[in-house]
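Please read this briefing alongside the sequence and the structure shown below.

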Amino acid sequence: MIKNAWKQLKSSIHCAIKHYQLIWSQPLRKKALLYRILGKIVNVFKYVLVVGLCFVILYPLMLQLAIAFRAPTDVNNPTVLWIPGEFSIKNFQVAMIALRYWDALRNTLILSFGVTMFQLISTSLAGYAFARLKFRGSSIFFAAALFTIVVPQTVIALPLLRSLTQMQLVGKPITLFLMAGMGMGIKSGIFIYLFRQFYRGIPVELEEAAYIDGANPLQVFSKIMLPNARGAVITVALLSFVWQWNDFYFTTLFVTRSNLGFATLTTQQVSVLFGLQQALTDAGVWGLMGQDVTKNPLFSSMILNTSGVLVMLPLLVLYFFVQKLFVQGIERSGIVG
Amino acid sequence: MKKKTLTPITVQAREARKTVAIQKQGKLQATFEEVSARYIRIGENKKYPAFLKFRRLNKLNRQLSHLRNKLQHVNSELFALNNQEIYQTPLLKQLSRKFEQLPYDKQKMVFGMLFILPWLIGFIVFFSSPLITTIWWSLNEMAPKVGGGFTFNFAWFDNYRNLFVSETLAGSTVLEVLTRSIMNIAIDLPTILLFSIFIAVLLNTKFKGHQLVKAIFFIPVVYNMTVVNNTLSGAFGQLFESNLSEGFQLGETFSNFLLQIGIGGGLIEFLMSAVDRIFLIVNKSGIQIIIFIAALQSIPIHLYESAKVEGATKYEMFWKVTIPLISPMILTALVFTVVDSFGSSEIMHFLTVNSQGTTMATNMPGMYSAISTVYFMANILIIGFAFLLLRKSVFYYD
């Protein structure tokens with residue numbers, strides 16, 4: 001039985017060697033074989049690279065999760081590194097108190113949704129006008145829109161703050177809405193540019209057909225261009241939502257600095273960064289940890305990390321839901337005109 | 001449905017409109033007669049060369065018919081004013097009627113202006129006026145007044161001189177900080193661009209699990225960089241990193257090997273700093289990857305097909321088809337990268353706003369404006385330099 005199998009194997013190997021010898025003797029087939037082998041090697045290399053880069057990207061996230069679930073009693077335990085010895089949500093409890101989590105989350109949601117809506121309206125309209133409804137001097141305005149990308153926000157922050165204070169707009173979320181609705185929100189210039197490039201890629205014939213049927217530009221925009229530009233809309237919506245969520249500079253300067261009651265997650269996170277010890281002592285939550293924690297820097301690092309996870313968590317959940325749409329949107333967008 | 005009651009216009013308004021119409025009629029009549037007289041004069045002139053005459057007459061003829069139309073219009077209005085009842089039209093209706101009378105191109109232009117209007121107001125109120133104010137402030141010596149506000153003292157370029165001579169941040173002068181930031185960008189910029197082009201090309205091919213990989217590669221877009229940096233450089237981050245790097249010391253071995261072969265230290269330094277920054281580079285290039293993937297998707301397939309028919313290899317196709325066609329987007333990504341990484345560079349420490357308030361802004365706004373103007377100029381200089389460098393190699397398909 002075994003002998004038979006061995007014989008079979010031997011013959012099959014012999015067969016294969018003969019087959020490849022035959023291929024090797026013919027230059028064209030040899031070339032094809034070599035190409036196939038090369039392709040396989042490149043493929044393996046590609047996978048190694050992709051997996052490695054995925055690790056690099058996911059590393060901070062894994063790190064944060066590993067730290068966040070670590071029990072406070074395990075903080076100096078050298079045997080616990082990636083997987084916590086016992087899962088505990090004590091860190092989360094403490095970080096939530098330090099961040100004033102639910103209040104901040106509500107504020108952040110209000111701000112992000114509002115700003116996203118306003119940015120979408122203003123930038124898509126302006127982008128459409130720059131792409132198709134040209135008038136004399138509109139290219140100058142477009143150059144100005146590109147110029148707003150190049151000038152960093154810090155440069156104009158101080159005078160802007162002063163004039164907004166004179167208008168009595170500082171300290172209210174409506175300021176950010178106003179700026180987003182006027183196309184001067186966070187990186188609006190880039191969104192205008194993206195929309196313009198996108199609309200330029202949509203065939204003119206579609207619009208012309210609509211015009212012949214008696215539509216005015218507003219109808220063409222809302223019924224033809226916007227539905228066709230779904231990819232760009234999703235991209236811009238996600239980016240503006242995320243950037244508003246993670247924004248510290250704008251929000252602090254125009255809202256939170258003079259209205260401490262209205263804090264977003266990111267501003268809370270930063271203020272926790274600066275005064276964690278004080279904040280936690282004030283809240284009297286050190287008792288939850290059950291140790292004298294003020295002496296060990298690892299404890300504050302742990303709480304900071306956990307609060308970071310809490311800040312990013314809603315975004316990650318959101319991303320998880322929209323990522324398919326997002327990826328498809330980018331694929332189909334063809335942003336270059 | 002309720003019928004709207006129409007109110008007839010008042011007698012005074014009717015009279016006023018009548019006088020205006022009569023005046024208009026007189027003027028039109030005069031010009032009409034003048035033009036027709038000229039028409040006759042030219043027609044009878046025998047010195048004119050024939051082709052010129054024909055052209056002039058044609059032009060005048062058109063003018064005349066235009067005038068005739070206008071006259072007819074005024075006449076009919078006058079007739080209506082004299083004999084018929086005329087009702088008031090609401091302002092909105094008047095406007096919409098005026099709009100409908102515009103030619104189609106002009107209607108589109110009006111809509112274009114309407115669409116841009118919000119942006120334009122924002123540009124004037126929230127952008128250009130603060131920018132001009134910043135530049136003006138940087139030329140003034142400013143000190144806070146007792147009752148709020150500032151005292152202005154025009155001082156030409158004193159702020160800038162002080163900035164470069166005496167201002168320091170943690171022991172290094174502004175010039176040093178600026179050069180260091182620019183050097184950092186000079187390292188980051190090519191690395192990020194090359195890396196993101198490479199990744200975009202990689203992700204653009206279809207392989208097993210490419211959906212998942214794409215989803216993972218766009219996660220950095222969602223990352224909060226403050227939080228991530230804090231995690232990586234915090235006490236725990238260092239603990240983990242020391243544990244990790246015990247595992248592989250590939251980088252060190254490799255660099256030692258290169259040194260032994262005799263490849264210069266500059267290159268190794270560059271490579272090592274790039275390796276050190278791999279986290280930052282990967283996490284910074286999310287948007288650039290998006291831009292490049294979109295650009296790659298929009299390259300028409302027939303170009304590749306014809307290249308294949310001509311016998312081009314994949315390598316040649318990449319350099320001769322892909323790179324030229326995405327070159328405008330390289331420029332876009334470059335601008336975005338410069339702005340983004342300059343925004344998080346060391347010079348920003350001068351301009352930080354922490355939760356307690358601005359540090360320099362409250363005390364010396366003049367100086368603050370000077371720094372930010374320098375910062376902005378440096379930004380524009382870098383982008384302008386890169387533009388000049390790449391201008392010749394950028395290719396526009398249309």
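**Briefing on a predicted two-chain contact**

B:Arg38 has a relative accessibility of 28% and therefore counts as partly exposed. The model is predicted, and the side chain of B:Arg38 meets that of B:Glu34 in a salt bridge, with 4.0 Å from N to O. Both residues belong to helix H1 of chain B (residues 11–44), where they are four residues apart, about one turn of the helix.

**Salt bridges**

- Over all chains, the structure holds five salt bridges, and the count between chain B and chain A is one.
- The salt bridge between chains pairs B:Asp340 with A:Lys187, whose closest N and O atoms are 3.4 Å apart; it runs from helix H16 of chain B (residues 314–343), which holds B:Asp340, to the loop between H7 and helix H8 (188–201) of chain A, which holds A:Lys187.
- B:Asp340 counts as partly exposed because its relative accessibility is 28%, and A:Lys187 likewise counts as partly exposed, at 30% relative accessibility.
- Within chain A, A:Arg132 forms a salt bridge with A:Glu207, and the closest N and O atoms of this pair are 2.2 Å apart.
- A:Arg132 and A:Glu207 are both buried.

**The contact between chain A and chain B**

- The contact draws on 98 residues of chain A and 89 residues of chain B, and the two chains bury about 9,000 Å² between them, with 80% of that area on carbon and sulfur atoms.
- Six residue pairs in polar contact, both residues at pLDDT 80 or more, are found across the interface of chain B and chain A.
- On the side of chain B that touches chain A, helix H4 of chain B (residues 104–138) gives the largest share, with 22 residues.
- That side of chain B is made up of 62 nonpolar, 21 polar and six charged residues.

**Nonpolar cores**

- The largest nonpolar core has 171 residues, of which A:Tyr128, A:Tyr199, A:Phe254, B:Trp119, B:Phe217 and B:Phe292 touch the most other members.
- Residues up to four places away in sequence left aside, B:Phe217 touches A:Val50, A:Leu53, A:Cys54 and A:Ile57 from chain A, together with B:Ile199, B:Leu203 and B:Ile289 from chain B.
- A second core, separate and of ten residues, has B:Leu28, B:Val35, B:Leu67 and B:Leu71 among its members.
- As a general matter, nonpolar side chains in soluble globular proteins tend to be buried together.

**Chain A and its helix H7**

- Chain A contains 15 helices and zero strands, and 52% of its 337 residues count as buried.
- Among contacts in chain A with a separation of 6 or more, 73% are accounted for by residues 24 or more positions apart.
- In helix H7 of chain A (residues 173–181), the buried residues are A:Thr175, A:Leu176, A:Phe177, A:Met179 and A:Ala180.
- The cover over the buried residues of H7 of chain A includes, from chain A, helix H4 (101–131), helix H6 (153–166), helix H11 (230–246) and helix H12 (249–256), together with H4 of chain B.

- A:Ser112 is placed in helix H4 of chain A, and it is buried, with a relative accessible area of 1%.
- The residues that A:Ser112 touches, not counting those up to four places away in sequence, are A:Phe241, A:Gln244 and A:Trp245.
- A:Pro203 lies in the loop between H8 and H9 of chain A and is partly exposed, with a relative accessible area of 42%.
- The C-alpha atoms of A:Pro203 and A:Met225 are separated by 10.0 Å, the two residues being 22 residues apart along the chain.

How values were computed: Residues are numbered from 1 along each chain as its sequence is written. Chains are lettered from A and ligands numbered from 1 in the order in which they are written. This is a predicted model: local features need pLDDT of at least 70, side-chain atom pairs count only at pLDDT 80 or more; totals for chains, interfaces and linings use all residues. Side-chain values use heavy atoms; hydrogens and water are left out. Contact means heavy atoms within 4.5 Å. Buried area is the accessible area (1.4 Å probe) that two parts lose on being put together, summed over both. A polar contact is a pair of N or O atoms within 3.5 Å; within protein, one must be able to donate a hydrogen and the other to accept it, and residues adjacent in sequence count only if both atoms are side-chain atoms. Helices (H or I, at least four residues) and strands (E, at least two) are DSSP runs, numbered from the N terminus. Ala, Val, Leu, Ile, Met, Phe, Trp, Tyr, Cys and Pro count as nonpolar, Asp, Glu, Lys and Arg as charged, and the others, Gly among them, as polar. Buried means under 20% relative accessible area, exposed over 50%, partly exposed in between (1.4 Å probe, protein chains only). A nonpolar core is a set of buried Ala, Val, Leu, Ile, Met, Phe, Trp, Tyr and Cys residues joined through side-chain atoms within 4.5 Å.
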